[in-house]
Each structure stands twice: as structure tokens, then as C-alpha cells.
Amino acid sequence: MEKILQVIDLELSFHTFAGEVKAIRGVSFDLHKGETLAIVGESGSGKSVTTKSIMRLLPETSSEFKNGEILFDGKDLTSLPESGMQKIRGKDISMIFQDPMTSLNPTMPIGKQVMEPILKHQKVSKAKAKEVAIELLKMVGIPNAEVRYKMYPHQFSGGQRQRIVIAIALACNPKILIADEPTTALDVTIQAQILELMKDIQKKVDTSIIFITHDLGVVANVADRVAVMYGGRIVEVGTVDEIFYNPQHPYTWGLLSSMPSLDLEEERLYAIPGTPPDLLNPPVGDAFALRSEYALKIDLEQAPPMFQVSDTHYAATWLLHPNAPKVEPPATIIERMKTFRGSRYYEGTDGNLGGEA
Amino acid sequence: MQLDKQQLPPEKFERVVIDTDSAERISKPSLSFWQDAWLRLRKNKAAIVSMVVLVLLVLMALVGPHLNGRSGDVQNLRHANLPPKIPGIEKLGIFNGVGELGGQKLDLYEVKKVDEYYWFGTDGLGRDLFTRLWEGTQISLLIAFIAALIDVVIGVAYGGISGYFGGRTDDVMQRVVEILIGIPTLIVVILMILIMEPGITAIIIAISITGWIGMSRIVRAQILKFKGQEFVLASRTLGASHNRIITKHLLPNILGIVIINTMFTIPSAIFFEAFLSFIGIGLQPPAASLGTLINDGYKVMEFQPYVLLFPALVISILMIAFNLIGDGLRDALDPKMKD
Amino acid sequence: MVKYIGKRLIYMFLTMFLIATATFFLMQTLPGSPIASYNKLNESQRAIVEKKYGIDKPKPVQYAIYMKNLAKGDLGTSFVFKGKSVNDLLVNRFKPSFILGAQAMVFGTVVGILLGMLAALRQNTFWDYGSTFFAILGISIPSFVFASLLQYWIASEWHLLPVGLWNDGWKSSILPSIALAMGPLALSARFIRTEMIEVLNSDYITLAKAKGANGYEIAFKHALRNALIPLVTVLGPVAAGLITGSLVVEQIFAIPGIGEQFVSSIMTNDHATIMGTTLFFSAFLIVVIFIVDILYGIIDPRIRLSGGKS
């Protein structure tokens with residue numbers, strides 16, 4: 001599959017009064033044409049920062065690329081001048097933000113806000129841009145778009161505002177759409193509508209989507225592939241089935257166990273103990289080891305490399321090393337693995353293909 | 001993403017039990033609100049410099065009048081209109097006692113046969129301006145501090161009672177404030193000063209009479225904000241008395257904003273005193289305040305600009321210092337607060 | 001909205017009524033009698049003068065007459081300028097004060113907004129520190145000190161502009177306008193800087209960046225309008241500051257304006273003029289604050305529909 005975006009060994013730090021915060025510590029992933037890649041993780045895991053750094057939306061004065069490249073369209077976005085970035089933003093890569101209540105300019109009619117990227121990136125007349133904008137508003141499901149075009153953001157509900165933000169993001173048919181927790185701030189019923197809308201649109205315009213969320217339910221619904229981030233690193237990446245039904249990293253186990261489920265009869269919901277690492281002084285080795293009941297000695301000394309599980313599935317945990325002891329994942333995870341062809345707990349009839357590397 | 005090829009000894013792969021508590025070790029010592037605020041304030045160079053300058057000025061206001069043994073209201077017409085002359089600095093060509101007389105530049109100390117040094121010169125009545133300057137600063141600061149204190153006491157009490165007890169009490173008290181706030185401060189100050197005997201008391205009363213309103217509104221808004229919050233409700237549920245809620249929960253939380261506001265009240269009081277004295281309805285001669293000194297200086301500005309220069313400098317530096325400290329405190333105590 | 005305006009109007013009248021009443025009775029307690037300037041008169045002459053100005057009647061009657069005249073817009077007769085009505089005095093002196101105030105306001109806010117924007121857009125650089133320091137100076141240095149210094153250097157020493165008076169056309173108005181403008185300039189610079197910084201950190205500015213907008217478009221198309229709207233709220237304090245400033249600035253530059261007249265009426269114990277000018281200033285400020293509140297509701301689309309500011 002065609003790689004539309006490659007992030008290679010990206011490292012990024014924030015300079016704060018307290019010191020250097022290593023927000024991204026060596027992140028690599030590819031984005032393929034037309035796919036939806038979900039990035040999941042707790043707050044502070046670096047998922048938002050990763051995507052904002054692709055768009056170069058982080059404050060230039062306090063953030064610094066320490067290493068790595070972001071390759072898009074033959075260019076390294078980390079070293080592109082600001083004017084070059086301005087030509088990419090909103091045209092080739094566009095973004096949807098978390099809180100629709102604050103992401104629209106309160107003193108500008110919404111139609112003008114949708115028109116803005118069209119006028120900016122395409123050589124069209126104002127009348128034509130207006131036409132396109134109304135088309136877009138209709139496409140994202142704003143009823144009566146010709147009239148509501150002149151209205152201000154406060155005259156729309158949260159769900160409608162997110163639709164408008166999506167219309168803005170789609171204005172120039174971007175190659176990549178980055179959605180930074182687009183449904184977190186919305187009611188559950190509205191969430192479902194927005195997710196449906198995004199799936200619909202992806203079919204129509206054939207864009208690649210990077211979908212950031214901490215909600216695994218949403219991931220299962222929209223994603224083709226999933227990258228799990230922890231402590232500024234990607235700890236596991238694979239197809240949605242691989243991550244949900246054959247997870248390898250203890251952190252992924254923790255995430256999946258803490259997801260409420262109707263199928264499994266659990267007495268109580270699992271919660272990962274402890275708090276995310278302090279990235280001012282990131283822990284040596286596997287950042288998750290301090291919160292993991294599966295920690296190995298080496299976890300505290302050396303960061304694990306990416307071990308390959310399958311063609312599409314990689315995980316950064318020493319548990320996959322040939323010398324590592326065999327550990328039993330939590331019961332709920334074993335239940336999940338039982339249904340996955342290729343996992344070591346597979347109970348189907350196709351035979352065990354062996355899960356460990 | 002390649003498989004790790006390096007040979008790692010098997011004992012490295014022993015499982016360890018991690019005490020999850022240790023993962024949550026607090027890496028930094030915990031700081032109280034005020035310690036944290038002080039740390040932030042210390043980073044604000046302008047505020048720290050202002051504090052030092054302010055302390056120096058207050059010290060000078062206290063000891064300055066006694067430094068050269070002259071009294072500020074003793075007139076000596078023989079020594080009238082002498083420009084500043086400071087030992088040591090005089091050799092640099094400034095503050096050397098040279099002034100204009102009949103279109104010529106002369107050392108007026110020689111002309112008038114004066115051996116003494118008047119550091120900041122003398123006025124038309126031969127009074128020592130150095131002594132008068134610090135006496136004036138003392139009076140101005142005194143007026144400002146007392147006026148600010150009165151504003152704080154009345155403002156906190158009025159706003160606190162209004163906000164805490166709410167209901168009808170609040171209604172009545174706020175209607176009064178709504179009317180008072182419509183009356184321009186300047187007008188009230190001038191009218192009050194007109195009907196009272198001119199003097200320090202009159203100025204203080206005039207400044208305080210509406211000065212507390214701003215403070216009371218801020219305090220009321222803060223009290224309203226905190227009184228509905230869970231920690232106060234919890235305390236009330238546990239049977240805490242009004243007294244306890246106010247002193248233990250509400251006052252500590254509004255203290256910061258009260259201090260910040262006071263830092264802006266003081267310079268405004270200094271300004272109003274000087275303003276009243278400058279237009280001639282404040283302190284009356286021979287009493288000195290920064291305002292009267294500036295007024296005196298303004299009258300002879302064309303010929304003896306130094307008479308205006310020193311009090312103008314002191315009042316400007318005082319005002320700048322208070323404003324910078326106020327800004328610094330505001331940033332330190334509540335980085336999100338705007339006004 | 002209508003209900004809100006109605007309520008505000010009632011408060012305005014109540015406030016004005018209280019100010020008028022308070023001013024009247026405070027005037028009666030003034031230590032110096034206006035008649036003092038007629039010291040050389042004998043008993044019968046004084047009686048005639050007292051009758052002429054209506055101060056021979058009992059206080060309540062004087063008050064009733066005063067309020068009745070006030071309702072008709074008549075501020076009474078000056079005690080010092082013989083036979084001249086206070087209304088005429090105010091009208092004659094309105095123009096210079098108005099010109100100075102308007103020039104100071106326009107110059108101060110425009111320059112202040114630009115300085116504030118510069119500071120916010122170049123946060124933590126030389127430009128930011130420079131304009132912030134300038135604003136602190138403007139807020140801190142009393143208008144009469146600044147005006148005196150301007151007069152001394154620019155007019156007396158360098159002879160660039162007239163020292164004072166109102167007889168050299170526009171040139172006469174430059175120095176006093178600049179002196180008056182420092183307050184509005186500093187206030188709006190500080191205000192716009194804070195507002196701009198907050199706006200620039202908001203999500204919709206990030207979204208505008210994500211659309212590909214450049215620095216200019218972000219500053220002027222998106223940020224400025226949102227930062228400007230709340231600036232309207234400082235117009236009240238700015239107007240009050242202009243009046244305070246005008247008292248001393250007109251005095252210093254010998255401008256025949258209302259401020260200068262107010263100070264001289266205080267000096268000459270001209271009760272009618274003091275009262276009239278007090279009422280004029282109060283009415284002016286009350287109306288400005290009222291207009292500001294209404295204006296705020298009109299220019300902010302968020303409040304426009306929901307009707308009125310609470």
C-alpha cells in the first residue's frame with residue numbers, strides 16, 4: 001500500500017520553566033493511503049503532541065524537534081519553512097479539534113470560516129467559494145445551509161459545530177485528516193453521529209485519517225490500524241483485530257482490561273495502577289514497567305526494541321524476547337485471544353500458529 | 001523494528017515485583033500556595049527591583065528629613081533659589097550649584113556667598129528642598145497607606161457581608177453600591193475636600209469615601225464564587241460556624257486578590273492626593289506633600305526646573321514601583337487572572 | 001434588552017438626582033460664602049445681591065427652585081461672572097475640552113491598540129518589554145507631571161509648539177492632547193496585550209493556523225476583533241481619566257475649557273458654577289458608561305441575540 005506519510009524516529013521536547021519535557025521520545029509510524037490509523041493512549045502519552053507536530057502547530061518558541069523526520073510528499077515537514085507549512089496546512093493536511101465549543105471563531109460567521117481555506121488555497125472567486133462552502137455544510141449535515149451560512153458559532157449546538165469544523169477540514173479535499181479526539185467533548189448519541197459522518201466522508205473523498213482518542217470503543221468502530229502510545233513512545237502497533245484480540249504489551253492489556261464490556265462477566269472494572277510517567281525525568285527502560293505487574297529486571301535498565309509479531313503487528317516489550325519468561329496475560333485478555341487466529345490461546349480448529357516471536 | 005540481535009543474559013529477564021507506590025514517589029517537594037507564588041514572583045525581575053526601590057524610598061521618607069539637619073519649613077531668604085549642589089558629584093559638571101542669573105550661567109553659591117551644600121537646592125523662600133522632598137514623600141505615603149487600609153477594611157467587610165449572607169442583605173447592599181458606583185470618584189473627592197477643613201484627614205476621607213467600592217465588588221464576587229464550592233459546602237455540612245467558614249475557608253482564598261487590589265489602590269491614592277494638591281485644594285502651605293512640591297515646582301519650572309524635577313521623579317518612581325509590584329503579584333498569585 | 005435599558009435609565013436618573021441633591025446641600029456647608037467676594041458691600045447692598053441670586057430665601061425653598069430649574073436644564077447663574085448663566089459658560093467652554101478629549105481618545109486608543117498588538121504578537125521579545133514598559137510609564141506617571149515636562153521641554157526649551165493658550169489653531173491642541181492621551185494609550189495597550197495573548201492561545205486561532213492562515217491573517221482577521229470587543233469596557237474608566245486629566249492639563253496649558261473653569265470656580269467659590277460643572281461631568285460619565293454597556297451588547301455577536309448583559 002502507498003505510504004502517504006512517514007514519521008521516522010521523531011523526538012520532540014518542550015522547554016518549560018521546570019526544564020526540558022521530552023514529550024515524544026522516538027516515534028515511528030507510517031500512514032497508508034485511504035486508511036484510518038487510530039492513536040490511543042492516556043492523557044500525556046504524547047498522542048496529541050505527535051499530530052500537532054506533524055501540522056507544526058506547537059509553539060515555535062517552546063518546542064524543539066530533537067531528532068527524526070516527518071516525510072510527506074517528498075518533503076521533511078520538520079525542516080520546512082513556515083511559509084511552506086502554510087501551503088500544506090488546510091490543503092493537504094487538515095485537522096479537527098477536540099472541543100467544538102471553542103474551536104470556531106466566535107465573532108466570524110461560520111460560512112466565512114468554511115470559505116477561508118478555499119479562498120486561501122484554491123484560485124476561485126468569492127461566489128464560487130461560497131457555493132463550495134454551502135455544499136460542504138450540506139454534506140456534513142447542516143440543514144438549511146444557505147440561511148445558516150451567515151450565522152455565528154454560538155447559534156449552533158456542539159454536534160453541529162463539530163460538523164462545521166469537519167466541513168472546514170474537508171474544504172480542500174485534504175490527503176490527510178487529523179482528528180484530535182473529535183468526539184470526546186460530545187454527548188454519546190452525538191458521538192455516534194459524528195463517527196458515522198466521518199466514516200461516510202472517508203468513503204466519499206478517500207482521505208487518510210489519523211484518529212486520536214483514548215476511547216477504545218471509538219477505535220473499534222473507526223480504525224483500520226491502531227498505534228498504542230505510552231510515555232512519548234509507541235508501545236504497540238497493529239491492525240485493529242491484532243490489537244484487540246492478540247495484544248502483546250502489558251500496557252495494551254491494561255487498556256483493554258479497563259474497557260467496560262457487556263460480553264464478559266467481570267465483577268469489577270480493572271484500573272491500571274499508578275500515574276503516567278513524568279516526562280521531565282522520563283524513567284529509564286520501559287516506561288510502563290513501574291506500573292506493570294509483568295515487569296522484568298531488564299525493563300528497568302534498557303528500553304525494549306520493537307519486536308515483530310506479524311507482518312503488521314509490532315510491540316515494544318521485553319516479554320517478546322526469546323529469553324523472557326512466559327507470562328499469563330489477565331484472564332479477560334486470554335478470553336479475547338482465544339478468538340484470534342494466530343494467538344497462542346486460539347481455541348479454533350485451524351490449529352495454533354504460534355503467537356510468540 | 002528489527003529483532004533484537006544482541007545477546008542478553010537470561011538473569012536480566014527475571015521478573016521483579018514493582019511497588020506501585022514507589023512509582024508515584026513525589027519527585028518535587030510540595031509547595032504551599034504562598035511558597036509557590038513567591039517562587040514565581042522571584043522570577044519577575046521588574047517586581048523584585050520595584051520592591052527594593054520601594055523599600056529604599058520608604059526608608060528615605062522616614063530618615064531623609066533628618067539627614068542634613070535642616071528643617072523643611074525654616075525659611076532663609078538669603079539662601080533662596082539655590083540650585084542643587086552635591087559634594088563630590090559637583091566636579092562632574094552637574095549638581096554643581098550653577099544656575100542662571102540675569103541670562104548668565106553662574107555658580108549661585110559663590111554669588112550669594114553660601115558655603116553650605118543644598119543637595120537638591122532651595123525654593124524661593126530658601127527652604128531646603130532635600131528635606132522637604134522626603135517630608136513630602138512621607139506625607140504622601142502616609143495618606144496613601146491609610147487610605148488604602150480604610151479601603152481594604154471597609155471593602156472587605158462590605159463585600160464579604162454582602163456576598164456571604166446574600167439574599168435580601170445582598171440586594172439592599174448592592175442597590176446602594178449600584179448608585180454609588182455611578183458617581184464619578186473625582187467629583188466626590190473634590191466635593192468632600194471642599195466642605196472639609198483642608199488637611200491630611202480631609203484628603204484621606206475624600207479618597208476613602210468611594211475608594212472602597214471597587215474592593216467590595218471584587219470581594220463580593222470572590223465570596224460568591226467560593227461560597228458555592230464543594231469545600232465550603234462540605235464544611236457547612238459538618239456543622240462549621242459562619243465564623244469558621246469565613247476565617248478558615250473564605251478569607252484565605254480571597255487574600256491574594258485583596259493584596260493585589262491593594263497594590264493598585266495605593267498608587268491611585270498617591271495620585272489623588274498629588275492631584276488635589278496640584279490643583280490647589282489639597283494640602284495647604286507650608287505643609288509639604290509630593291503634590292504641593294510639584295505644584296511649587298511647576299510655578300518656577302521655567303527658571304528653576306530642579307524644583308519640579310525631584311518630586312516629579314519620586315512620585316513617578318513610586319507609582320511605577322507600586323504598579324510593577326501589583327502586576328508581579330497578580331501574575332504570581334493568579335496567572336490566569338486578567339483584571 | 002428593553003427591560004434592561006429601562007432599568008439602567010431609572011438608575012441613571014436616580015444617581016443624577018442624588019448627585020444634584022448632595023451637591024446642593026454640600027455647597028451650603030461650604031466654609032466660604034460666595035458673598036465673601038462682595039466684602040466691600042454694605043448691608044443693604046448685600047441684601048440686594050442676595051435677593052438677586054435667590055440666596056435670601058430659606059434653604060428648602062432654594063433647593064426646590066434649584067431642582068425645578070435643573071429639570072428645565074437651567075443650571076443657574078454664575079456668582080462670579082456677573083449675570084452670566086452657567087449654561088452659557090459651559091457651552092462657551094465646551095469646544096476646546098471636546099477637541100482635546102476627542103483627539104486624546106483617538107490618538108491614545110489607536111496607538112495603544114497597535115502597541116498592545118505588537119507586544120502580544122512578539123511576546124517576550126524586546127518589542128513586548130518595550131511596549132509594556134511604556135504602558136507602565138503611561139499608567140504610572142501622573143498627567144500633571146507628564147504635561148509639565150512636555151510643556152517645559154517641547155514648548156519652553158525647544159520652542160517647537162505653543163506653551164499654552166488656545167490661539168494658535170490646531171497647534172495649540174497638540175501638546176495638551178498628547179498629555180491627555182497617555183492614560184488611554186497605556187490602558188488600551190495593556191488591555192489589548194492581555195486580551196490578544198489570551199485570544200492567540202485559543203483553539204480557534206489554532207484552527208485558523210491549521211487552515212493555513214499566515215501571521216497577518218491570524219493577527220488581524222481572527223485575533224484583533226476578538227480582542228477589541230472587550231476593550232469597549234475600559235472606555236468608562238478612560239473617560240473618567242480624561243476628565244480628571246483635563247482639570248490639570250487645561251490648567252497647565254491655560255486652555256479655556258470646562259476643566260480649567262471648574263478649577264477656577266473652586267478657587268473663587270463660585271457655587272453655581274461648581275454645581276453646574278459637577279452635574280455636567282457626572283452626567284457625561286454616567287451616559288458614557290451606559291453607552292458602553294449597550295454598545296458591548298451590540299458589537300459582541302455572542303450577546304447580541306441572548307439580549308443584554310447580566
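The model is a predicted one. Its largest nonpolar core has 126 residues, and a search of the whole structure finds 25 aromatic pairs over all chains.

**Nonpolar cores**

- In the largest nonpolar core, which has 126 residues, those with the most contacts inside it are B:Ile190, B:Ile270, B:Phe275, B:Leu318 and C:Phe144.
- Helix H12 of chain B, covering residues 305-333, gives the most to this core, with 14 residues.
- Domain 1 (24-74) and domain 2 (95-304) of chain C both give residues to this core, so it lies between them.
- If its neighbours within four places in sequence are left aside, B:Ile190 is in contact with B:Leu276, B:Ile279 and B:Ile281, and also with C:Leu247, C:Phe262 and C:Ile266.
- Another core, of 113 residues, lies apart from the largest one, and among its residues are A:Ile24, A:Ile96, A:Val222 and A:Val226.

**Helix H11 of chain C**

- Helix H11 of chain C, residues 258-267, is mostly covered, since 7 of its 10 residues are buried, including C:Phe262 and C:Ile266.
- The buried residues of H11(C) pack against helix H7 (185-195) of chain B, together with helix H4 (86-121), helix H10 (235-252) and helix H12 (271-299) of chain C.
- After H11(C) comes C:Asn269, whose phi is positive, near 60°.

**Aromatic pairs**

- The rings of B:Phe226 and B:Phe231 have their centres 6.4 Å apart and their planes at 65°, so the pair is edge-to-face.
- Within that pair, B:Phe226 is buried, with a relative accessible area of 10%, whereas B:Phe231 is partly exposed, with a relative accessible area of 31%.
- C:Phe94 and C:Phe98 form a stacked pair, with 5.5 Å centre to centre and 25° between the planes; being 4 residues apart in helix H4 of chain C, the two are separated by about one helical turn.
- Ring pairs also link B:Phe271, B:Phe272, B:Phe275, B:Phe278, B:Tyr298 and C:Phe144 into a cluster.

**Features from the UniProt record**

- For chain A, an unreviewed UniProt entry lists "domain: ABC transporter" at residues 5-256, a span that is 38% helix and 28% strand in the model, with its end C-alpha atoms 28 Å apart.
- For chain B, an unreviewed UniProt entry places the feature "transmembrane region" at several spans, including residues 46-67 and 202-219.
- Residues 46-67 of chain B are 82% helix and 0% strand, with end C-alpha atoms 29 Å apart, while residues 202-219 of chain B are 100% helix and 0% strand, with end C-alpha atoms 26 Å apart.

Methods
Residues are numbered from 1 along each chain as its sequence is written. Chains are lettered from A and ligands numbered from 1 in the order in which they are written. This is a predicted model: local features need pLDDT of at least 70, side-chain atom pairs count only at pLDDT 80 or more; totals for chains, interfaces and linings use all residues. Side-chain values use heavy atoms; hydrogens and water are left out. A nonpolar core is a set of buried Ala, Val, Leu, Ile, Met, Phe, Trp, Tyr and Cys residues joined through side-chain atoms within 4.5 Å. Buried means under 20% relative accessible area, exposed over 50%, partly exposed in between (1.4 Å probe, protein chains only). Domain bounds come from an automatic or database domain assignment. Contact means heavy atoms within 4.5 Å. UniProt positions are given in the numbering used here, feature names are shortened, and annotations may be inferred rather than shown by experiment. Rings of Phe, Tyr and Trp (its six-membered ring) pair if their centres lie within 6.5 Å; planes under 30 degrees apart count as stacked, over 60 as edge-to-face and the rest as tilted.
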